[in-house]
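Please open the structure in your viewer, with the sequence panel beside it, and keep a way of selecting residues by number at hand. The tour goes from one selection to the next and says what is found at each stop.

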Amino acid sequence: MDYTVRLVSPALLLVVLLTTGQQQGGTPTRECWMSCQRHVVDPAQRARTCKSCLPGGRVDSWVQSLAGQRPIPRAPLVSAMKDPDWRVRWAAVRADARRQGITDRRALADWVLAAPVSSNLEACLTAARAAAESGASSANFLRAAGLRGANAAARVWGRRAAIREALELELYAEDLAVRSAALAHLAAFLGRTPARVVLDAMATRPERVDAVSASALKVVAGRGRTSVGRMLLEEARPAEEARINRLFAVYSRELEGMQPELTVADPLQRRRAVASLRVYGPLATRELERALGDSDRWIRRDAARALADAEGVPLRAAAERRLTSSDAARARPWLEAMAREKGCLAFFMATARDTALAASVRGAALAQLADCGEGARDRVASVEPFLTETQPLLRAGAVRALGGLTTRHPGVPEATARALRDGAPEVVSAALELLAAQRQTSWGDEAAVLLESDHASVRAAAAEALEQIGRASHVKALAGCLREDAEAPVRVAAAMALGRIGGAQAAAALSDAAARDPDAHVKHVSREALLRLGFGQ
């Protein structure tokens, strides 16, 4: 063991060893540590500087630590300008600029101009990547250094063939982070799109490595909030059809492998899978269209937004195109997605007033106002004309629109009472949903009476409302509903309400249903309700 390693504590060495990665280049902590050890020769200085790599330091963290010392030592910086990692070289240039009291870009220009053209590739490559990282061309990036900056930029551009070769080589590195950074930097340096860079590079690469560059393009697309499908379609040229199809084949295999994740029982896992589809854009249209019918509304919303992105249009434009259908189920995910968008109030009101649309779609648009954060103060006045509409679906939608308001909001209690007396089952059901959403316990008796409605949808809604606002006095009516109602969905709702209210009479009714109900789902829900009440295993 050499002298410099003996200066490091065993605990520190253990952390470094534990953070060693399996991928090319290791973890940033290890890379930082090895870089520091390589360039800082003085033992005492090394002990002070290299500890900045821990814990979780960036590869250039040690250079920043060195720049904080007084005086700033020059020898490690000169050495670091030859490091294989451009981030370390750029950090060393910035630290040397601080030492000299000049700007970063002036120091970079001086470095580019200091060496002969035949040996300044490291400096030129560093300048090209630093400029790309800042989102500027090398000419604009170095402009701040004055005349020397302009001369340095010319030298950098003069080495573009060598810079391109070096970065294209990194496009096929083992480390995905290295590949994606090289792609983004090369595209910015050449003033081309990342898709164009990949397609050009593929011309001299075998098909077996297509997945390597395809993965880098996917990372860059994700960072730019676009998709690989759209990027490739925008760059498509007839002569490159074969290369584009090669990339499409890579992404198609990835999408095929994602199918199990899109159909798992866990909605959070499905939502993560749908979110990962966005980067594929038009290539994932089939999967996103399928997700529009998911049972989870958050997944439906995410799928709608992703489809709008895939089409390259604003969400509102994509939604308006879908609303022309008379199918409210098809319109639902788009309305749900618009509920969280700026301008949702104007969009929903315009949709509700559009008499060319089906009443089901217009009513669904009104209902989504409950999730729209705009216009809450004037919500009752806005929907008042629809509360007296001749079409029940519009009245029902207007009632649901009040769901985001409190019972203290002027006009809400009156609208609720009027809806409960409405002759249309759709409107009464909407009023019961409103009672449940607002936890209006004072209306529990009215909800219990509606358990005897002639309409199954109203009876089910009444039972669901009592799950939230029911009391012990309502158990008898719910138990009778569980024993005698002819519709299984109504009995399921009654069982869930009894499981929440509890009590001996509720437990007896649930036990009887768990043993004797002819519907398997009713039995299952009754058993689950009994377990919640503490009965059974």
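## Stop one: the paired cysteines

Select Cys32 and Cys53, which form a disulfide with their sulfur atoms 2.0 Å apart; the term disulfide is used here for a pair of cysteine sulfur atoms within 2.5 Å. Before going further, please note that this is a predicted model, in which local features need pLDDT of at least 70 and side-chain atom pairs count only at pLDDT 80 or more, while totals for chains, interfaces and linings use all residues. Residues are numbered from 1 along each chain as its sequence is written, and side-chain values use heavy atoms, with hydrogens and water left out.

The link of Cys32 and Cys53 is left-handed, with -70° about the S-S bond. Cys32 lies in helix α3 (residues 28-39) and Cys53 in the loop between α4 (43-50) and α5 (61-67), so the pair ties together parts that are 21 residues apart in sequence. Helices here are DSSP runs of H or I with at least four residues, numbered from the N terminus. Cys32 is buried, with a relative accessible area of 0%, and Cys53 also counts as buried at 0%; buried means under 20% relative accessible area, exposed means over 50%, and partly exposed is in between, using a 1.4 Å probe and protein chains only.

Cys36 lies in helix α3 and Cys50 in helix α4, so the pair ties together parts that are 14 residues apart in sequence. Both Cys36 and Cys50 are buried.

Cys344 and Cys372 are both buried.

How many disulfides does the count come to? The count comes to three, and with the bonded cysteines counted along the chain they follow the pattern 1-4, 2-3, 5-6.

## Stop two: salt bridges

The structure holds 35 salt bridges, a salt bridge being a side-chain nitrogen of Lys or Arg within 4 Å of a carboxyl oxygen of Asp or Glu. Select Asp85 and Arg87, whose side chains meet in a salt bridge at 2.7 Å, N to O. Asp85 is buried, with a relative accessible area of 18%, whereas Arg87 is partly exposed, at 34%.

Next, select Arg99 and Asp96, whose side chains meet in a salt bridge at 2.7 Å, N to O. Both residues lie in helix α7 (residues 86-100), three residues apart, about one turn of the helix. An α-helix has 3.6 residues a turn, so residues three or four places apart point the same way. Is Asp96 buried or exposed? Asp96 is buried, with a relative accessible area of 8%, while Arg99 counts as partly exposed at 33%.

Then select Glu311 and Arg322, which form a salt bridge whose closest N and O atoms are 2.7 Å apart. The pair links distant parts of the chain, with Glu311 in helix α20 (residues 297-311) and Arg322 in helix α21 (residues 315-322), eleven residues apart. Glu311 is partly exposed, with a relative accessible area of 28%, whereas Arg322 is buried, at 7%.

## Stop three: a buried arginine and a covered helix

Select Arg129 in helix α9 (residues 121-133), a residue that counts as buried at 4% relative accessibility. Leaving aside residues up to four places away in sequence, Arg129 touches Trp86, Leu167, Glu170, Ala181, Ala182 and His185, where contact means heavy atoms within 4.5 Å.

Finally, select helix α30, which is mostly covered, with ten of its 14 residues buried. Among these buried residues are Val458, Arg459, Leu466, Glu467 and Ile469. To see what covers them, show α28 (425-437), α29 (444-449), α31 (475-484) and α32 (488-501), which are included in the cover.

Methods. Helices (H or I, at least four residues) and strands (E, at least two) are DSSP runs, numbered from the N terminus.
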